[in-house]
Structure formats: structure tokens, C-alpha cells
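Morning, everyone. Let me put the model up, and then we'll walk through it.

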Protein chains: 2
Amino acid sequence: MKKHYAIGIDIGGTSLRAALVSDEGAIVKKVKLPSSDGITESLLKCVGELMTGDVAGVGFGVAGVIDRETGVVIESPNLPAIEGLQITETVRDRFGVPVFLENDANVAALGEKWLGEGKKLRSFVLISLGTGIGGSVVYDGSLMNIPAEIGHMSIVANGEKCSCGNYGCLELYASARAMLAYAIAAMESGSASVLKDCCTGNLYKLTPEDIYRIALDGDTLAREVLKEAGRYLGVGISNIIHLFSPDAVILSGGLTGAWNIYIQEAIREASRRTFKRLFDSVKILPSSLGDNAGILGSSFLVFNA
Amino acid sequence: MKKHYAIGIDIGGTSLRAALVSDEGAIVKKVKLPSSDGITESLLKCVGELMTGDVAGVGFGVAGVIDRETGVVIESPNLPAIEGLQITETVRDRFGVPVFLENDANVAALGEKWLGEGKKLRSFVLISLGTGIGGSVVYDGSLMNIPAEIGHMSIVANGEKCSCGNYGCLELYASARAMLAYAIAAMESGSASVLKDCCTGNLYKLTPEDIYRIALDGDTLAREVLKEAGRYLGVGISNIIHLFSPDAVILSGGLTGAWNIYIQEAIREASRRTFKRLFDSVKILPSSLGDNAGILGSSFLVFNA
């Protein structure tokens with residue numbers, strides 16, 4: 001008998017999000033755990049909570065370079081604890097259902113293609129904006145089998161060293177982590193900002209959500225932090241348009257919540273830098289699935305297998 | 001009756017090279033003219049010299065963004081004189097044969113795919129190294145219909161302004177023009193070098209060939225100039241591998257003549273920067289067609305039509 005549900009899991013730099021999803025794309029139940037604790041245990045716990053007899057399989061998306069054949073994460077600069085783990089095998093052995101592994105940006109792109117903005121598009125590049133920055137490319141109607149490591153494209157050749165070993169990577173300048181680093185450096189060197197009050201003196205507890213909320217209240221430093229990250233994101237988007245000229249660049253991930261300042265600045269910077277003809281022919285859009293693109297796309301791995 | 005010859009033309013930043021080519025890829029006759037004079041006249045002259053009754057058509061490759069439907073070059077930062085010209089129509093009207101237009105890096109990639117290194121590969125990225133830097137991507141056995149403007153990928157976000165309008169473009173740091181700029185700036189600020197003697201005091205007559213020849217004789221400045229451009233080229237190659245992870249990166253164009261210093265340095269830099277797993281699975285090769293990749297690929301446009 002055909003089974004009509006899948007468990008989709010999105011493993012990011014700070015959290016592990018999972019859902020029971022129907023084959024029509026409805027989210028029936030959701031679970032969220034921190035990814036900083038034991039990954040394998042968290043994963044098994046999530047799957048256990050969501051498992052039913054009508055589940056056809058488990059799909060998951062992970063930030064990093066993955067090996068589809070062995071089901072192992074080869075390299076994950078933002079989540080080194082997951083590198084080399086036999087997570088596919090572990091979940092399959094415990095629950096006796098098929099398990100699929102993909103890069104997190106790829107599953108977000110599959111989600112968009114299945115249920116979101118991507119349904120109508122022949123080509124798009126999805127950029128996932130969070131702790132790190134990931135990418136995925138749909139070309140001529142299909143997901144390309146390429147790493148699309150947009151976050152580890154160097155945009156400041158002689159810049160800071162990244163945890164991946166490269167220098168000046170986009171995600172050092174445009175991600176959530178970059179925003180926090182800008183804000184902390186500015187406050188440590190004496191800049192005044194309401195940001196100082198929001199984390200009871202411990203700057204390291206600041207979150208991108210704090211920065212955006214305070215920026216919307218008009219705080220100068222918070223606004224400048226978002227704009228600085230946005231300008232660098234614009235450099236990355238411009239590079240992507242010069243290379244791929246897709247029908248659309250779809251932005252997904254938690255940081256798209258800061259659209260009005262961070263993303264608007266990125267679009268402005270990209271427009272300033274990109275061949276006019278190429279810029280005029282691309283749409284820059286937020287993911288219409290929001291936070292759910294990853295869990296939906298991970299479920300699609302199961303339905304599409 | 002089937003015609004067995006085509007005229008292939010490669011229009012670069014400094015010269016216009018054309019050849020009569022057989023459908024088996026043999027070059028029968030070659031012509032070279034500067035591209036700095038009237039483009040249309042040079043083009044008509046080349047075609048006139050090579051035309052025979054057995055020519056099935058004319059193909060040409062041009063540095064820049066082209067519109068395949070109208071046969072017009074939309075944007076060509078290194079050869080602005082060609083922008084907007086109806087060259088396809090002009091040549092067709094004069095000679096009464098089909099005429100095809102493509103980006104210069106795309107025709108070089110088609111040449112490689114037809115007769116060179118690319119014959120055996122499912123995916124490769126061709127990078128053409130000359131006055132500017134162009135790119136082309138073969139994926140899953142076919143040329144991708146994307147601009148692949150690798151030379152206008154920003155690798156120094158806050159760097160120099162490029163003639164294209166962007167800032168810090170790869171070709172400002174890694175092309176032939178970049179080498180000349182490094183050498184001239186160093187000598188103008190007093191660096192000693194044999195380079196000074198080779199152009200009878202006029203530094204602006206220096207060529208990349210001069211720099212390479214003198215570098216091979218052990219001149220410190222000439223070697224450093226090639227290595228500096230090579231290091232930035234390595235940043236660009238690393239970005240391309242992080243995005244596409246192709247089976248090979250094929251380097252074509254005049255500058256590959258400086259392989260032992262410039263390209264070796266680029267490979268060293270790319271290896272230092274790239275995810276190990278991705279770097280280990282890519283070959284970095286010179287075009288096996290050398291200078292002829294462009295004219296052969298342009299002819300292939302005709303045979304493949």
C-alpha cells in the first residue's frame with residue numbers, strides 16, 4: 001500500500017527542525033531541537049516523535065558537502081560534529097524505512113520547486129541565509145548536481161581566514177554570524193547602541209533577531225550592521241547573476257526576516273554592480289515557503305525517490 | 001550538396017583571428033587582423049579572404065554578452081566598439097551564407113568539446129585568459145546557456161572600479177591587462193627590472209609575452225608580476241570549483257603560454273583555498289587546442305546548426 005507521509009528534517013548550524021509532511025505538502029506536526037547537542041541522539045529523538053505507520057521514509061538536508069552514495073556528510077564547516085557520521089544508516093537501521101540525505105540548500109530549492117516560487121520557473125538560484133550561506137541551482141527545470149557553495153566563494157581575496165580554510169568567504173561578511181561580529185566589534189570599540197541593553201551586558205548572547213528588531217526601532221548601529229552585511233550579500237548575488245543569469249534568485253532562511261533593511265541593501269548593491277541587461281532580467285524574491293522550505297524539500301526527497 | 005567547410009572567427013580584445021576549417025576540424029587557411037581598427041571592415045575583409053564555394057557558413061565568437069536571437073553583441077567591456085553592431089546581418093547580407101554568433105569563451109568550450117580535452121569529459125569549466133577573462137560551462141555533456149562571466153566575478157569587494165561598472169572584478173587582478181598594470185606601477189615607483197629595457201623606455205609598449213620571456217630569464221619583478229596575477233587567478237579558480245565542482249577546469253587563451261609561472265601559481269593558490277575533497281576531484285588542464293580553440297569552436301557553430 002502506498003504510504004502518504006514522509007518525515008523531513010532540516011539540520012542547520014544552530015537547530016534541527018523536523019516535520020511530518022503529507023505527499024501533498026501539508027505539514028502535520030513539527031519538532032525543533034538544538035543541533036549543538038549530540039546530533040545522532042537529537043535526530044533519532046525527532047524521528048521517533050514523528051514516526052507513524054504511514055511514513056514512507058525520512059529525508060534530511062544538512063549544511064555541507066554530502067556524499068549521496070554513502071549517505072555521509074563529508075565537510076560541514078558550520079557543523080563539524082556531523083562530519084563522517086553514518087546518520088543515514090543509523091536512522092534506517094533504527095526505523096526500518098528508506099532514508100535520503102541532501103545538502104540543505106538543495107532541499108530548500110526542491111521545496112521551492114515543489115510547492116513555492118520555483119514551480120513556475122525554468123531556472124533559479126536559491127541562496128539560504130542563516131548562520132552560514134548555502135546555495136543551490138535549478139537549471140532548465142532540474143536541480144543541478146553541483147555543490148554551489150556560494151557561502152565559500154571568496155569575495156575579499158586577501159580577507160579573513162574562514163573555518164573552511166579559504167580566505168574572504170562570502171559568509172564571513174554577509175551571514176548571521178557576520179552581523180553579530182560587526183555589532184560586537186563596534187560595541188567593543190565604544191559605539192553607542194540600544195543593542196547593548198538587549199542582552200543584559202553579554203554581547204555574545206545577541207541574536208540577528210535582536211539586531212533586526214532594534215534596527216526597526218531606528219537604532220543607528222543596528223541599521224548599519226544589517227546594511228553592511230547586505231552590501232556584501234549584494235556582491236555575492238551580483239557574482240551569481242554574472243555567472244548564471246537565472247530567472248530568479250530566491251532567498252531563503254532565517255535572515256530573510258530582515259528583508260526591509262538587509263535584503264533591500266543587498267538588492268541595491270547588486271543592481272549597482274551587475275551588467276544592466278542581466279540585472280533587468282532577474283527577479284530577486286523571498287522564499288514563499290519561509291522557514292519550511294527545508295523540511296518540505298527534505299520530504300520531497302522521499303516522495304520523489 | 002553538403003558543404004564541408006566553415007569560416008570560424010575569434011574576435012578578441014586586441015585581434016581578430018579567422019580560419020577556413022573543414023568539417024573534420026582541419027584548419028586550411030588562417031588570417032589575423034587587429035581588432036582595434038574598424039571591426040566591421042576587418043570582419044568583412046577576413047571573410048572575403050577565406051570565402052570559397054564550399055563554405056557552409058560563418059561562425060564567430062566575441063568577448064561579451066551576446067543576444068543569439070538578434071545576432072547583436074549587447075555588452076562587451078573589452079571591445080565597446082562592437083556593442084550594438086549588426087555584424088551577423090552585415091556578414092550574411094554580403095556573403096549570402098548563414099552566420100552564427102556566440103560568446104568567445106563558449107566557442108572555445110565548443111572547440112574543446114569537439115576536438116580537444118573536453119571530448120572525454122561530462123563537465124568542465126573553460127576559462128579563457130587574455131586581455132580579459134571569460135568563462136563557459138559544460139554540464140552533463142552540454143554547453144550551458146548561461147553567461148558565465150567569470151572575469152566579472154568580484155573577488156575584491158571594495159576593489160578598483162572595472163570598465164563594466166562592477167568593483168574588484170577578477171579580470172582586473174588576473175588578466176594580461178592586470179599583469180601590465182602591476183609591472184608598470186612597480187617600475188614607475190622605482191623597481192629595478194630588465195623589463196625596462198625591452199620596450200625602449202616606453203613602458204606602455206610592454207606585452208605579457210615580454211613579461212613571461214624575461215621572467216624565464218630569472219628577472220625578479222617579472223616573476224613576481226606573473227605570480228601576483230596567478231594568485232588572483234587561483235582565487236577565481238577556487239570559486240569556480242566551489243560552485244561547480246567540474247571534472248576539469250580547462251584554461252585557454254594567450255596567457256596559458258606562461259603556464260610554468262602564472263598558472264602554476266594559480267593552481268597552488270586554488271589548492272590552498274578549496275575544500276580538499278572538491279580540489280582532489282578536479283583536473284586543471286591547458287586547452288589542447290591552444291590558440292585555435294576559438295576558431296575551431298566558431299566553425300563548429302556552423303557544422304552543428
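How many residues of chain B are in contact with chain A? The count is 31 residues of chain B, against 31 residues of chain A. Contact here is a C-beta criterion: two residues qualify if their C-beta atoms, placed from the backbone, lie within 7 Å.

Ground rules, quickly. This is a predicted model, where local features need pLDDT of at least 70, side-chain atom pairs count only at pLDDT 80 or more, and totals for chains, interfaces and linings use all residues. Residues are numbered from 1 along each chain as its sequence is written, while chains are lettered from A and ligands numbered from 1 in the order in which they are written.

Back to the interface. On the side of chain B that touches chain A, the elements giving two or more residues are β6 (72-75), α7 (220-244) and α9 (276-280) of chain B. Helices are DSSP runs of H or I with at least four residues, strands are runs of E with at least two, and numbering starts at the N terminus. The largest share of that side comes from α7(B), with seven residues. By class, the side has 19 nonpolar, eight polar and four charged residues. Nonpolar is Ala, Val, Leu, Ile, Met, Phe, Trp, Tyr, Cys and Pro; charged is Asp, Glu, Lys and Arg; the others, Gly among them, are polar.

Now the symmetry. Chain B can be laid on chain A with an RMSD of 0.0 Å, by a turn of 180 degrees and a shift of 0.0 Å along the axis. That is the relation of a two-fold axis. The superposition is least squares on C-alpha atoms of residues with pLDDT of at least 70 in both copies. The same surface serves both copies, as 100% of the contact residues of chain B recur in chain A.

Next, a helix pair in chain A. The axes of α6 (residues 208-216) and α7 (residues 220-244) of chain A come within 8 Å and cross at roughly 120 degrees. Axes are lines fitted to C-alpha atoms over the stretch in contact, with angles from 0 to 180 degrees between N-to-C directions. From α6(A), the contact uses A:Ile211, A:Tyr212, A:Ile214 and A:Ala215. From α7(A) come A:Ala222, A:Arg223, A:Val225 and A:Leu226. By class, that is seven nonpolar, no polar and one charged.

Last stop, B:Gly168. Buried or exposed? B:Gly168 is buried, with 21 other C-beta atoms within 10 Å. The cut-offs within 10 Å are 20 or more for buried, 12 or fewer for exposed, and partly exposed in between. B:Gly168 is found in the loop between β10 (142-143) and α4 (170-174) of chain B.
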